[in-house]
Amino acid sequence: MPRYDFRCRSCGATFELRRTMAQANDPAVCPQGHEDTVKLLSTVAVTGAASGSAPRQAPSGGGGGGCCGGGCCG
Ligand SMILES: [Zn+2]
């Protein structure tokens with residue numbers, strides 16, 4: 001389930017909620033109980049990017065070298 005970041009305009013707090021995409025645009029209530037919140041653009045992991053122009057993010061499975069493959073690692 002994707003995560004969405006919100007910011008409360010009443011107290012300035014930022015918080016995140018896990019909700020379905022169908023509920024993405026529903027109003028969120030601040031942990032302090034304020035309802036004047038705005039949804040922030042966050043790094044939501046979009047699975048199966050249907051719409052283009054999304055930067056492809058390579059799954060980092062560990063190691064973290066990144067220079068292997070060219071023979072530079074050994
Ligand atoms: Zn608030």
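This is a predicted model: local features need pLDDT of at least 70, side-chain atom pairs count only at pLDDT 80 or more; totals for chains, interfaces and linings use all residues.

Modeller: A residue is called buried if its relative accessible area is under 20%, exposed if it is over 50%, and partly exposed in between.

A pair of aromatic rings is described by the distance of the centres and the angle of the planes. The structure holds 1 aromatic pair, and that pair is formed by F6 and F15, whose ring centres lie 5.7 Å from each other while their planes make an angle of 20°, so that the arrangement counts as stacked, for which the planes must be under 30 degrees apart.

In soluble globular proteins, nonpolar side chains tend to be buried together.

If we set aside neighbours within four places in sequence, the contacts of F15 include Y4, F6, C8, A28 and C30, and among them are also D5, R7, V29, P31 and T37. P31 sits in the loop between β2 and β3, and with 63% relative accessibility, which is over 50%, P31 counts as exposed. Between P31 and F15 there are 7.6 Å from C-alpha to C-alpha, although the two are 16 residues apart in sequence.

Two of the residues that F15 contacts, C8 and C30, lead on to the metal site, where the zinc ion has as its protein donors the SG atoms of C8, C11 and C30 together with ND1 of H34, at 2.0 to 2.4 Å. The angles among the 4 donor atoms run from 104 to 121°, and the site is tetrahedral; along the sequence, the donor residues follow the spacing C-x2-C-x18-C-x3-H. Because C11 lies in the loop between β1 (3–8) and β2 (14–18), whereas C30 lies in the loop between β2 and β3 (37–40), this pair ties together parts that are 19 residues apart in sequence. As for their accessibility, C11 is partly exposed with a relative accessible area of 39%, while C30 is buried with one of 3%.

Note on methods: Residues are numbered from 1 along each chain as its sequence is written. Side-chain values use heavy atoms; hydrogens and water are left out. Rings of Phe, Tyr and Trp (its six-membered ring) pair if their centres lie within 6.5 Å; planes under 30 degrees apart count as stacked, over 60 as edge-to-face and the rest as tilted. Donors are N, O and S atoms within 2.8 Å of the metal (3.2 Å for Na, K and Ca); water is not among the atoms, so sites may look incomplete. Four donors count as tetrahedral if all angles lie between 85 and 135 degrees; four count as square planar and six as octahedral if opposite donors are over 155 degrees apart and all others between 65 and 115; anything else is irregular. Helices (H or I, at least four residues) and strands (E, at least two) are DSSP runs, numbered from the N terminus. Buried means under 20% relative accessible area, exposed over 50%, partly exposed in between (1.4 Å probe, protein chains only). Contact means heavy atoms within 4.5 Å.
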